[in-house]
Amino acid sequence: MVDTINVRSEKTHTASSASQGTITPHTRPSNCLPSFVRSIMSSVVEISDEPGQPPALSALSLAQTSKDSKAKEQVITPFDVSGGVDEQGKPVAIDYDKLIDRFGSQRIDKAILARFERLTGKPPHRLLRRGMVFSHRDLNLVLDKYEKGVPFFLYTGRGPSSNSMHVGHTIPFEFTKYLQDAFDVPLVIMLTDDEKFLHSPKLSLQECRRFALENALDIIAVGFDVKKTFIFADTEFIYSDHGAAFGFNILEMAKKTTNNQIKGTFGFNDTNNIGEFAFPAIQSATSFASSFPFIFGHNTKAVNKIPCLIPCAIDQDPYFRQCRDNAPRLGLMKPALIHTVFLPSLRGSESKMSASDTDSSIFLNDTDNQIKKKVGKAFSGGQDTREEHERLGGRTAVDVPFQYLTFFLEDDERLEHIRQQYESGKMQSGEMKATAIKELQAYVAAFRERRKAVTPEIREEFMRPRQLIFKSMPLVEEQ
Ligand code: ATP
């Protein structure tokens with residue numbers, strides 16, 4: 001039994017406090033998350049049994065204290081996402097409130113929502129106002145600077161593990177597009193084909209490279225502005241002439257990163273390959289504007305003052321906790337983060353939709369019929385019989401079709417109406433599924449249309465190292 005969540009890398013969150021947090025079942029309710037997120041939270045004892053992973057001290061003590069229990073800790077790493085199981089062996093939903101406490105990040109609260117509204121002049125994006133964007137690190141520092149005219153840049157990415165992306169991947173990308181449009185800032189998107197190759201027992205380098213190029217088409221179809229966006233695949237960019245500054249930052253970061261840090265953060269052991277140990281330095285180096293002189297200019301001193309904001313799902317946080325530990329030792333700024341929750345697997349909210357698990361996912365190239373079949377089989381919070389459902393009502397907190405509606409249905413009033421109808425038993429699970437199917441079919445159809453318009457030539461332009469155009473840039477030189 002091994003704990004693969006490790007919280008030791010952010011200096012503010014010590015190993016001992018993390019260990020204590022691990023062995024204490026979590027009972028504190030969240031007040032800042034919306035009811036549907038709050039209600040999927042439950043109290044679990046945290047253990048996991050990842051093969052080939054070294055036990056963290058906290059997990060060893062936990063394993064000893066809970067010998068007779070079937071409980072398994074929730075595991076949230078870049079490589080594994082699971083809500084764990086309770087003492088009876090029943091899968092439990094991911095507890096995001098607990099993650100905030102354990103990872104040591106900050107909650108997105110009402111004050112931040114108000115600040116977004118004030119700065120952008122628009123109501124917050126539905127993912128923000130419904131609590132799916134739920135946590136951050138140093139977001140306020142980035143916004144403070146932005147208010148004083150200091151620009152920031154956005155950095156997000158994708159590990160190309162499949163030909164087509166799934167609808168879950170569009171969550172951080174759609175939110176990133178909103179940030180790009182709202183703040184008029186440049187964006188770099190990293191395709192970590194090297195990471196997927198190093199971590200996958202099955203995928204060849206050629207396959208990962210092909211997936212990267214295919215996924216770039218999907219990403220562009222989310223709607224990014226070519227004038228403000230640079231997309232790169234690691235296997236190409238790092239070894240190109242334009243990648244030299246990035247390569248230097250990778251080496252600087254690699255020199256500051258010890259094997260102990262990597263083992264502590266990711267749970268690797270001596271059977272992991274050396275590429276896996278080295279990769280976090282690559283993912284970190286993208287956080288520094290000086291890695292991209294063709295975008296930000298060659299005045300390294302000024303460029304290094306441009307803050308980086310990383311929108312991603314919370315599983316990517318360990319990479320950046322480690323980056324934030326090491327950046328000041330290089331005289332560089334810590335990147336800020338803004339975290340989303342996961343779009344749940346078709347099987348239930350105890351795990352995320354994942355491209356590596358095809359039965360859990362609705363892919364962006366699925367047909368209307370495939371979507372219908374998949375959502376038809378999705379985990380339902382309906383009761384066993386029609387009578388019982390009318391008497392007890394449906395459970396929106398665990399109902400996957402309803403949860404999909406919370407991510408994709410724009411209309412707040414309609415969503416609330418559906419919730420009330422379902423919970424009161426007036427709406428049956430068949431109708432809930434039909435509603436989600438229609439919404440997802442429309443979402444994917446709109447994506448399909450945009451994707452058709454993305455040609456290899458357009459992709460080439462997005463992936464060409466070049467100056468990006470955005471209005472806040474001139475201020476950098478004045479600093
Ligand atoms: P997969 O196994 O599906 O390829 P992954 O974790 O490898 O999943 P990445 O390509 O590494 O996916 O992730 C790209 C971005 O999408 C990251 O910010 C990641 O956190 C996010 N992401 C992945 N799956 C989901 C999901 N189900 N819901 C929301 N965001 C997700």
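View 1. Arg115 and Asn140 meet through their side chains in a polar contact of 3.0 Å. Here a polar contact is a pair of N or O atoms within 3.5 Å; within protein, one must be able to donate a hydrogen and the other to accept it, and residues adjacent in sequence count only if both atoms are side-chain atoms. This is a predicted model, so local features need pLDDT of at least 70 and side-chain atom pairs count only at pLDDT 80 or more, while totals for chains, interfaces and linings use all residues. Residues are numbered from 1 along each chain as its sequence is written, and side-chain values use heavy atoms, with hydrogens and water left out. Arg115 sits in helix H5 (residues 110-120); helices (H or I, at least four residues) and strands (E, at least two) are DSSP runs, numbered from the N terminus. Leaving out residues up to four places away in sequence, Arg115 touches Asn140, Leu143, Asp144 and Glu147, where contact means heavy atoms within 4.5 Å. Arg115 counts as buried because its relative accessible area is 10%, whereas Asp144 is partly exposed at 31%. The cut-offs are under 20% relative accessible area for buried, over 50% for exposed, and partly exposed in between (1.4 Å probe, protein chains only).

**View 2. Two aspartates with positive phi.** Asp138 isn't a glycine, yet its phi is positive at about 60°. You'll find Asp138 in the loop between strand S4 (133-137) and H7, partly exposed with a relative accessible area of 23%. Asp184 also has a positive phi, near 55°. Its place is the loop between helix H8 (170-183) and strand S6 (187-191), and Asp184 counts as buried because its relative accessibility is 13%.

**View 3. Polar atoms around the ligand.** One oxygen–backbone pair puts a ligand oxygen 2.4 Å from a polar backbone atom of Ala355. For Gly159, a polar backbone atom is 2.7 Å from a ligand oxygen. Ser354 uses its side chain instead, with an N or O atom 2.8 Å from an oxygen of the ligand. On its own the ligand exposes 590 Å², and the protein buries 96% of that. Accessible areas come from the Shrake-Rupley method with a 1.4 Å probe; for residues, only the protein chains shown count as cover.

**View 4. The shell around the ligand.** There are 21 residues around the ligand, and Ser161, Lys196, Asp315, Lys352 and Ala355 come nearest; a residue is near a molecule if one of its heavy atoms lies within 4 Å of it. By class, the shell splits into 8 nonpolar, 9 polar and 4 charged residues. Nonpolar covers Ala, Val, Leu, Ile, Met, Phe, Trp, Tyr, Cys and Pro, charged covers Asp, Glu, Lys and Arg, and the others, Gly among them, are polar. Domain 2 (106-343 + 458-478) and domain 3 (345-452) both give residues to this shell, so the ligand lies between them; the domain bounds come from an automatic or database domain assignment.

**View 5. Zooming out to the chain behind the close-ups.** The protein chain has 24 helices and 11 strands, and buried residues make up 57% of its 479 residues. Among its contacts between residues at least 6 apart in sequence, 77% join residues at least 24 apart. Its accessible surface comes to about 20200 Å², with 53% belonging to carbon and sulfur atoms.
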